[in-house]
There are 4 protein chains.
Amino acid sequence: MVARSEESRQAVLNATRELLGIGVEASGMSVQRLTIEAIAKRAGVSKATIYRWWPSKAAVVLDAFVVEYLPHTHVRTDLPFPEALRDHVRAVVRQYAGRDGRVIAQLIAESQYDPETLAEFHRRFWDDRRDAVIELMTHGRDEGVIPPGTDLEIAATLVYAPIYQRLLIRDGELTQDFADAIVELGLASLSSPIRS
Amino acid sequence: MVARSEESRQAVLNATRELLGIGVEASGMSVQRLTIEAIAKRAGVSKATIYRWWPSKAAVVLDAFVVEYLPHTHVRTDLPFPEALRDHVRAVVRQYAGRDGRVIAQLIAESQYDPETLAEFHRRFWDDRRDAVIELMTHGRDEGVIPPGTDLEIAATLVYAPIYQRLLIRDGELTQDFADAIVELGLASLSSPIRS
Amino acid sequence: MVARSEESRQAVLNATRELLGIGVEASGMSVQRLTIEAIAKRAGVSKATIYRWWPSKAAVVLDAFVVEYLPHTHVRTDLPFPEALRDHVRAVVRQYAGRDGRVIAQLIAESQYDPETLAEFHRRFWDDRRDAVIELMTHGRDEGVIPPGTDLEIAATLVYAPIYQRLLIRDGELTQDFADAIVELGLASLSSPIRS
Amino acid sequence: MVARSEESRQAVLNATRELLGIGVEASGMSVQRLTIEAIAKRAGVSKATIYRWWPSKAAVVLDAFVVEYLPHTHVRTDLPFPEALRDHVRAVVRQYAGRDGRVIAQLIAESQYDPETLAEFHRRFWDDRRDAVIELMTHGRDEGVIPPGTDLEIAATLVYAPIYQRLLIRDGELTQDFADAIVELGLASLSSPIRS
DNA sequence: CGATAAACGAGACGGTACGTCTGGTCTTGTG
DNA sequence: CACAAGACCAGACGTACCGTCTCGTTTATCG
């Protein structure tokens, strides 16, 4: 019983990040073009080692990118709700506008083809971030900006969905103006009296 | 000098639809697993013929699925705006909930990897549908439900983005209740006084 | 009803010679790599036209190279037999040592795969040349150098076979020294008394 | 680190021999029509495995046919030179008259197009056989049939070249009578006094 | 002298094989 | 006994030519 080699694990994750061009200005390749063989070669690791510890290419990328690299766009609690929301959405939009956004989009793309990847994506990426926004929304409710009784999950969707639409469908730029427009619209909507 | 064979074209598109399981109850395969070779074989057509007329697998699928099959979820003009909107959103959600939705999701996935596919997706799928919703919103403004001065493109996003989020991220079912919730929220938001 | 276009015929043969690099210092391509499509394109002629008039690629090359280009290594009748033979063999060896020899070798190669090509090769290349040598041998017999009763066909083989061995098996250079060695050996053999 | 699979190697060579119809009465296909794909399919082996270990189709055929099948037409040392030569030439002519001869001719044909194939052909087929004949000639010289000072390589050519001419140019049958005629002529030539 | 039939260029078409690439599994020997 | 190294089967990739087959468009006799 020889324990899993942490060295190998890191080599694989580093190689993956390097090939994807994460964290550097260089462009890197897409998740689709990234191959297990290329990762193994660059990591100086056997393909079998990768297959032993990760179920799919997407799982490696999730580990390398989301778990061990992607910064959380944290939610500030020291600001009033509207400002905190604006701050958060701006940060998310800024993050998604660059290389990181492309990789996230590609992970969502991979999720269309593999339920396991989708589940991992939810577990490792989505749930955390959704919870953070819902928590933020809770502050809004506590501050009285959002009426009590509002479904906070739908409220979160209201803010997030347009970002993901632009990220995936690319029918517009992910600019700071766009972030502000979303927030303004969302606040208007949420503070309006009619509610399901 | 020799005209393109319409027969071959149809054979390719039919084979593609059959392999994807479009329009039948059978499950079919994903766009990713679909291969040009399989299409060629089933269509009784040479691979070269497919490569001659379509630049990529995604282009074939777009032709076979979006252009020559996918029903437009038309917009009714005989109803008052709120009812027309509800009718439309329900229809879209119903369409996306089934096999058709999966294929659309997969086309968006393919678009993450190829700019040409993205452009074609916009041209053949997205622009039409966005325009239809914007037109619908125009009716809403004409009827006074939506305040003048509202950016109708953002208004359309408000309604559509949550649908695409559920389609792609699958963080919830595409049910009729969901459709209704979107519409209610959207109407509330749009009729609220604060506007960008 | 419409006569064959001599213009097209010449265009095909010219294109073939050009592609093979015949008659120029440039290297050109092998008969194997030469394609009907390339000939058609360069000749500005339809593929069908080539297929209409020639049964195979080898037939085109035979026409272009052997019939309409390759100089006959003529036999001199004004010299005594031994000198005429030496002169002839030297000329043949010189011819075969260059690009022309390679094409002949390739035509013989093609003949291994197609009986029709072999037959055409015999008809358009081999028989003539063999007859010329036999005629030369006849002079030798008339001059008394070769004993009467000698099988002149075998006598011709004796001289020619080593040349073709070097041409095809390339187990030695086709030099003038080699030509002289063949002739000397041949004369010795032919003038020896024992004969079948 | 993983050794080459001898099983796969044999499967490839067997499949090649079977497809060429070597060692059976069935006709088989020519080297030209033989494809790597067909070999792979029949051998139950991946195409990549073949490309990994052999540089070309001709190399596979050389291994399958020449190295691992073709019987050497051995040279008898228990007979006087003239009888040994006759015995050998008869055996070679008999071998070349059948299917084996066709494959040899096709390998020589392939050698016209690829220097590597030519080199392999020399290394795996030609050199051995030429050496055997030269050795035979050495016996002839030792026995006093061939005058000392004779160039034995040219002497070997004298005997072999007509065989290859008939094999490749097919200007006559490879019969036992032909074998005898060559030997008779060769002996006469070699025992004659004039020598280069 | 005008019709008509062949020859022609262009190139689409169904095929087939190419040589490469990647996926995912399995084997061998090393540390 | 986990690992690197890498061989292996499987099969899709996109390309190149094959030889056949329409298409119109010349073009050169013949009725």
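Which helices each supply at least two residues of the surface near DNA strand E? In this predicted model, chains A and D each contribute through α2 (36-43) and α3 (47-53), whereas chains B and C each do so through α3 (47-53). In total, 42 residues surround DNA strand E. The closest of these are S5 and S46 of chain B, S5 and S46 of chain C, and T35 of chain D. By residue class, the surface near DNA strand E comprises 18 nonpolar, 12 polar and 12 charged residues.

The protein chains were then examined for contacts with one another. Two pairs of chains touch, and of these 2 pairs the one formed by chains A and B has the most contacts. Between chains C and D, 29 residues of chain C are in contact with 29 residues of chain D. On the chain C side, two or more residues are given by each of α6 (99-111), α7 (115-142), α8 (152-169) and α9 (176-191). Helix α8(C) provides the largest share of that side, with 9 residues. The side of chain C that touches chain D is made up of 17 nonpolar, 9 polar and 3 charged residues.

Other pairings of chains lack contacts. Chains B and C do not touch, and their nearest C-alpha atoms lie 12 Å apart. Chains A and D likewise do not touch, with 12 Å between their nearest C-alpha atoms.

Note on methods:
Residues numbered from 1 in each chain as written. Chains lettered and ligands numbered in written order. Predicted model: local features only at pLDDT ≥ 70, side-chain atom pairs only at ≥ 80, totals over all residues. Contact = placed C-beta atoms within 7 Å. Helix = DSSP H or I, 4+ residues; strand = E, 2+ residues; numbered from the N terminus. Nonpolar A, V, L, I, M, F, W, Y, C, P; charged D, E, K, R; others polar. Near = placed C-beta within 6 Å.
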